[in-house]
Amino acid sequence: MGNTNKALIIAASVLFALLVISLGEYIYSQSSESENAESTIADMEAMTRNKQYELYSGIRSGGEVKRLLKLAADNNQELYKSQDTIKSCVCIRTNVDSILKEFGSRSYGVRYPSNIYQIADCISIYQKYNVRFSYNEYGYIWEINIENVDGNK
């Protein structure tokens with residue numbers, strides 16, 4: 001009878017250990033799924049924000065570039081209000097002579113909405129511009145590069 005009790009205690013201990021290990025694995029898998037879900041949500045947010053800008057990629061008319069700059073200024077204004085500028089606030093960079101004359105040589109670009117509106121005022125609706133983007137480590141568009149198309153000054 002004594003051996004039977006010892007065997008039952010050992011069996012119960014093994015089952016309890018398996019239960020604890022299974023519970024630990026379940027908790028770990030739930031936290032991993034939660035992190036993956038958060039990562040997916042962040043990726044979707046970046047994709048959604050980027051899509052509104054990416055519509056303007058490539059050779060664009062001055063009118064389209066003005067609309068892009070208005071969008072960037074409006075979005076940056078909202079981001080400055082919420083203090084969420086690190087991940088998704090865009091910077092405008094350019095090599096367009098009329099803009100460089102207005103702002104001087106700014107190798108670091110322009111982020112403030114009022115300055116972006118000023119840049120939009122320098123864009124000619126009669127010219128074509130090349131628009132391209134740079135992305136940050138979070139997957140957001142970080143810079144909007146507006147360049148002269150050959151023949152534009």
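Colleague: What makes β1 and β3 a pair of strands?
Modeller: Strand β1 (residues 58-61) and strand β3 (residues 128-135) share four bridges in the antiparallel sense. R60 stands opposite Y129 in β3, and the partner of I59 in β3 is N130. The model is a predicted one, in which local features need pLDDT of at least 70 and side-chain atom pairs pLDDT 80 or more, while totals for chains, interfaces and linings use all residues. Residues are numbered from 1 along each chain as its sequence is written, and side-chain values use heavy atoms, without hydrogens and water.

Colleague: How many helices and strands does the chain have?
Modeller: There are five helices and four strands (DSSP runs numbered from the N terminus: helices are H or I of at least four residues, strands E of at least two). From the N terminus on, their order is α-β-α-α-β-α-α-β-β.

Colleague: Which strands does β4 pair with, and in what sense?
Modeller: β4 (residues 141-148) is joined to β3 by seven bridges, and these two strands run antiparallel. S134 has E143 as its bridge partner in β4, while F133 has I144. Five residues separate β3 and β4 in a hairpin, and G139 in the turn has a positive phi of about 95 degrees. With β2 (residues 91-94), β4 forms four bridges, and that pair runs parallel; R93 stands opposite N145 there.

Colleague: Why are β1 and β2 said to stand at the edges?
Modeller: The four strands form an open sheet of mixed pairing in the order β1-β3-β4-β2. β1 and β2 each have a single partner strand, so one side of each is without a neighbour in the sheet. From one strand to the next, the twist averages 30 degrees.

Colleague: What does α2 touch in the sheet?
Modeller: Helix α2 packs on the sheet and touches β1, β2, β3 and β4, and its direction makes about 100 degrees with that of β1. Contact here means heavy atoms within 4.5 Å.

Colleague: Why is N145 called buried?
Modeller: N145 lies in strand β4 and has 8% relative accessibility, so it counts as buried (buried is under 20% relative accessible area, exposed over 50%, partly exposed in between, with a 1.4 Å probe and protein chains only). Beyond its neighbours within four places in sequence, N145 is in contact with R93, N130, V131, R132, F133 and S134. Seven of the eight residues of β4 are buried, so this strand is largely enclosed by the rest of the structure. In the chain of 153 residues, 30% count as buried.

Colleague: Which residues touch the most other members of the largest nonpolar core?
Modeller: Of its 24 residues, these are Y53, L69, I92, I144 and I146. Such a core is a set of buried Ala, Val, Leu, Ile, Met, Phe, Trp, Tyr and Cys residues joined through side-chain atoms within 4.5 Å. At least two residues come from each of α2, α4 (97-103), α5, β3 and β4, and α2 gives the largest share, five residues. Leaving out residues up to four places away in sequence, I92 touches L69, A72, G109, V110, I116, I119, I144 and I146.

Conventions
Two strands pair if DSSP finds at least two bridges between them. Axes are lines fitted to C-alpha atoms, for helices over the stretch in contact, and angles run from 0 to 180 degrees between N-to-C directions.
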